[in-house]
Amino acid sequence: MADTSDIRTPAQIEADIKRRREVLAETLDEIGVRVHPKTIVGDARAKVVANIDHTVGRAYVQVNRVVSEVRAQFVDEEGAPRLERVVPVALVVVGVVGLLALGTRRRKG
C-alpha cells in the first residue's frame, strides 16, 4: 500500500526544487567566499593582529606593574623620594658610568 500522506502537485514539487536550488546556490557562494585566497589571508592577518594586540596588552600590564613596584621602592606614600634608597643607587650608577668612561678613554688612547 502506498503512502498518501505526502501528496504534492507538480507545481509544488517544482517550487520546492526551485527553493532548494536557491539555497544551494547561496551556500555555494558562501563557500566560494570562504575559500577565496583573499579571505583566507584576511582571516590569518586578523588572527595574527589579535594575538599581537593580546601580547602587547599583557606586556604593557607587566611593565606597568614593574614600574609601580620600582617606584614604590624609591618614593614614599606622600610622593617624596626615599633618600636612604636613592642615594646608594645614584652612587652605584655614577660609579658604573665613571668606570665605563675610563675604560673607553683608555682604549682610544
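The radius of gyration here is taken over C-alpha atoms, and the globule rule it is held against is 2.2 Å times the number of residues to the power 0.38. For a compact globule of 109 residues that rule gives a value near 13 Å, yet the protein chain comes in at 36 Å. Keep in mind that this is a predicted model, where local features need pLDDT of at least 70, side-chain atom pairs count only at pLDDT 80 or more, and totals for chains, interfaces and linings use all residues. Residues are numbered from 1 along each chain as its sequence is written, and side-chain values use heavy atoms, with hydrogens and water left out.

Along its principal axes, the C-alpha trace spans about 105 × 45 × 25 Å. The chain exposes about 10200 Å², with carbon and sulfur atoms supplying 63% of that (Shrake-Rupley method, 1.4 Å probe).

As for the fold, you'll find 3 helices and 0 strands, running α-α-α from the N terminus; helices are DSSP runs of H or I, at least four residues long.

Now look at L24, L28, I31, V35 and I40, which make a nonpolar surface patch of about 470 Å². Patch residues have over 30% relative accessible area and no salt bridge, and nonpolar side chains are joined within 5 Å; a salt bridge is a side-chain nitrogen of Lys or Arg within 4 Å of a carboxyl oxygen of Asp or Glu. Helix α1 (residues 10-34) gives the largest share of the patch, 3 residues, and L28 lies in this helix.

Technical notes:
Patches are made of residues with over 30% relative accessible area and no salt bridge: like charges are joined within 9 Å, nonpolar side chains (Val, Leu, Ile, Met, Phe, Trp, Tyr) within 5 Å. Helices (H or I, at least four residues) and strands (E, at least two) are DSSP runs, numbered from the N terminus.
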